[in-house]
Amino acid sequence: EPTISRLYRAIFCLKQAVSVEDGISILSQTLMRTNSVGKPRFASVLFRHECCYLLGQLGADCEDKPARQQAYQTLLEVLRDEAEDEVTRHEAAEGIAAVYSS
């Protein structure tokens with residue numbers, strides 16, 4: 001099980017380490033991954049918030065339409081999930097605005 005500091009280091013290195021499209025894919029998978037009882041695999045509210053923040057940034061910067069759509073859809077799923085913390089849902093809404101407006 002990775003520590004929260006390793007998770008943070010990993011997501012903040014994404015912008016330099018992989019393409020925008022791959023970053024969107026990785027963050028989307030991270031946000032949608034669940035454990036055996038259907039709960040988020042990475043449950044830290046702050047970590048999920050940061051994933052939404054970065055996903056919105058990458059989606060806004062992406063010129064590839066399918067990747068932008070993936071970012072948008074993932075953020076929309078997070079926003080619609082009423083079990084998700086309101087801080088994370090708020091950041092998902094901000095990310096949607098960034099993707100949609102660019």
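Trainee: Why does Glu 84 count as buried?

Mentor: In this predicted model, Glu 84 has a relative accessibility of 10%. Buried means under 20%, so Glu 84 at 10% counts as buried.

Trainee: What makes Glu 84 and Arg 48 a salt bridge?

Mentor: The closest N and O atoms of Glu 84 and Arg 48 are 2.8 Å apart. The cut-off is a side-chain nitrogen of Lys or Arg within 4 Å of a carboxyl oxygen of Asp or Glu, so the pair qualifies. The structure holds one salt bridge.

Trainee: How do you know that the pair links distant parts of the chain?

Mentor: Glu 84 lies in the loop between α4 (65-80) and α5 (86-101), whereas Arg 48 belongs to helix α3. The two are 36 residues apart.

Trainee: Is Arg 48 buried or exposed?

Mentor: Its relative accessibility is 4%. With buried set at under 20%, Arg 48 is therefore buried.

Trainee: Why is Val 37 called exposed?

Mentor: Val 37 has a relative accessible area of 66%. Exposed means over 50%, so the term applies to Val 37. Val 37 is in the loop between α2 (20-32) and α3 (45-61).

Trainee: Which residues line the largest pocket?

Mentor: Among them are Arg 48 and Glu 84, along with Lys 39, Asp 81 and Asp 85. The pocket holds about 160 Å³ of space.

Trainee: What makes five of the lining residues charged?

Mentor: Asp, Glu, Lys and Arg count as charged. The lining includes Lys 39, Arg 48, Asp 81, Glu 84 and Asp 85, so these fall in that class. The lining also has four nonpolar and two polar residues.

Key. Residues are numbered from 1 along each chain as its sequence is written. This is a predicted model: local features need pLDDT of at least 70, side-chain atom pairs count only at pLDDT 80 or more; totals for chains, interfaces and linings use all residues. Side-chain values use heavy atoms; hydrogens and water are left out. On a 1 Å grid over the protein atoms alone, a cavity is a set of points where a 1.4 Å probe fits but cannot get out, and a pocket is an open set with protein on both sides within 12 Å along at least five of seven lines; lining residues have an atom within 4 Å of a point. Grid points are joined across faces, edges and corners, and a volume is the space filled by probe spheres set on the points. Helices (H or I, at least four residues) and strands (E, at least two) are DSSP runs, numbered from the N terminus. Buried means under 20% relative accessible area, exposed over 50%, partly exposed in between (1.4 Å probe, protein chains only).
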